[in-house]
Amino acid sequence: MGFVKWANLLLIFHFFAATPIFSHSSSFTSKFLDLAKEPKIFDWMVNIRRKIHENPELGYEEFKTSELITSELTKLSIPYKYPVAVTGVVGFIGTGSSPFVALRADMDALPIQELVEWEHKSKVAGKMHACGHDAHVAMLLGAAKILKAHEKEILGTVVLVFQPAEEGGGGAQKIIDSGALENVSAIFGLHVHPNEPVGVVATRSGPLATGSSFFEAIISGKGGHAAIPQYAIDPIVATSNIIISLQHILSREVDPLDPQVLTIGKFQGGETANVIPDSVLIAGTFRAFSRESMMYLKQRIEQVIIGQAAVHKCNATVTFLNGDKPYSPPTINNYDLHEYFKSVVGNMLGANKIKKAQLLMGSEDFALFQEAIPGYIFFLGMENKSVEQLPSAHSPYFKVNEDALPYGAAIHASLASNYLIKLHQDQPLVEDKYNDEL
Ligand SMILES: *[C@@H]1O[C@H](CO)[C@@H](O)[C@H](O)[C@H]1NC(C)=O
Ligand SMILES: *[C@@H]1O[C@H](CO)[C@@H](O)[C@H](O)[C@H]1NC(C)=O
Ligand SMILES: *[C@@H]1O[C@H](CO)[C@@H](O)[C@H](O)[C@H]1NC(C)=O
Ligand SMILES: [Zn+2]
Ligand SMILES: [Zn+2]
């Protein structure tokens with residue numbers, strides 16, 4: 001048979017082979033949700049989540065959290081690397097060799113005083129798991145427990161990424177820099193959602209959350225007496241015009257169908273009513289759903305501040321902040337992974353439980369993983385209207401509905417194990433072709 005015909009036949013074979021093998025594969029993962037709801041996994045996850053909730057730790061200080069994670073991994077005989085990215089943990093389940101697929105949970109808490117009165121309230125004054133990262137860790141451990149029990153069926157290696165410092169600390173970048181994602185084919189993550197029901201996921205292909213960046217500017221003039229402004233150069237009036245002009249970038253220069261935000265949250269200048277100060281400091285943030293829009297805003301913010309300062313005979317310096325508040329790119333879900341997600345989660349929950357997520361005007365540092373390798377993140381519903389309405393993330397009244405934990409654990413486990421099956425199907429056929437032909 002000629003090469004072309006042979007290749008065609010392989011393509012046809014591959015086309016037909018892919019679907020049945022894939023649905024067959026879901027037979028071992030179809031039990032994952034029931035398994036995750038069993039007390040030996042559910043109660044265990046709840047217990048872990050509550051322990052972490054009681055001892056919240058901020059970015060790069062997750063020492064007790066990672067200690068708990070490594071001790072559970074040890075009990076499960078799951079090998080891991082620690083420390084990765086200061087306080088991160090990376091575990092491995094499966095063959096230990098290629099292909100690799102990663103699951104990510106963030107571990108850090110927020111500098112918020114918890115105001116929920118309950119048995120497992122935060123024991124640390126001024127710190128709280130108000131974004132659900134305690135639940136994210138518990139669910140990834142739940143997935144680990146399920147996958148470990150099915151290790152023989154895993155066609156490659158699942159990499160468990162427990163990431164520090166999601167809340168503006170750039171933990172994802174440090175994980176990437178550590179090399180933990182080298183040779184990893186795809187990464188999946190989730191975030192709890194207080195306004196979607198338990199058993200429902202919300203997601204979308206393409207842009208999901210904005211990129212965010214922070215900046216600071218100093219506008220310098222020349223101080224003087226309020227009554228003789230002709231001998232001074234007034235940075236207060238200059239800065240007032242700068243702030244108005246910055247808003248005109250959004251109203252006059254950018255596409256109204258491409259949502260963007262620019263907010264000046266800090267304006268500091270002057271001490272008293274009858275003195276013109278030497279300088280004014282402003283600081284702000286901007287958000288957009290594409291890297292191009294982010295770059296455009298960045299460039300225009302600098303031009304407008306410097307140019308508008310010059311109109312008022314002032315000088316200005318603009319700094320885009322790194323370190324403490326790193327630049328986070330927009331969160332953009334990979335198209336192929338979206339299709340894959342719909343097939344796996346549709347099988348588990350039913351297609352009607354997959355809702356289209358609203359665009360989010362906040363940012364998620366999972367976006368950094370998505371710039372490095374194909375990545376996919378979705379929202380996991382945890383609302384139960386018959387019980388209560390849940391406050392939004394970052395509220396001191398934030399609550400996790402623990403009934404959602406089995407869903408997160410089972411979806412994680414299913415996404416990872418089926419992805420390796422999918423990769424396995426895709427690869428040997430290609431290799432066979434070359435073996436036969438050459
Ligand atoms: C990635 O794969 C290359 C080539 O197979 C190998 O040399 C390297 O050690 C791998 N890196 C990791 C972190 O496994
Ligand atoms: C602005 O910078 C120029 C050049 O360094 C300097 O000559 C001028 O005095 C500065 N003006 C103000 C208001 O600081
Ligand atoms: C919602 O809460 C009620 C009352 O606790 C419970 O019976 C029901 O199973 C919950 N629903 C889900 C989907 O967890
Ligand atoms: Zn958060
Ligand atoms: Zn979060």
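Me: Is Ser-77 buried or exposed?
Reply: In this predicted model, local features need pLDDT of at least 70, side-chain atom pairs count only at pLDDT 80 or more, and totals for chains, interfaces and linings use all residues. A residue is buried if 20 or more other C-beta atoms, placed from the backbone, lie within 10 Å of its own, exposed if 12 or fewer, and partly exposed in between. Because Ser-77 has 9 C-beta neighbours inside 10 Å, Ser-77 counts as exposed.

Me: Where is Ser-77 placed?
Reply: Residues are numbered from 1 along each chain as its sequence is written, and chains are lettered from A and ligands numbered from 1 in the order in which they are written. Helices (H or I, at least four residues) and strands (E, at least two) are DSSP runs, numbered from the N terminus. Ser-77 lies in the loop between helix 4 (63-75) and strand 1 (80-84).

Me: What is the largest C-alpha distance among the residues of the UniProt "binding site"?
Reply: The unreviewed UniProt entry places this feature at Cys-131, His-133, Glu-167, His-191 and His-394. Spread over 264 residues of sequence, they still cluster in space, with a largest C-alpha distance of 13.0 Å.

Me: Which residues does His-394 touch, not counting those up to four places away in sequence?
Reply: His-394 sits in the loop between strand 16 (375-383) and helix 11 (405-437). Contact requires C-beta atoms, placed from the backbone, within 7 Å. On that count, His-394 touches Leu-110, Ile-112, Ala-130 and Cys-131.

Terms used. UniProt positions are given in the numbering used here, feature names are shortened, and annotations may be inferred rather than shown by experiment. Two residues are in contact if their C-beta atoms, placed from the backbone, lie within 7 Å.
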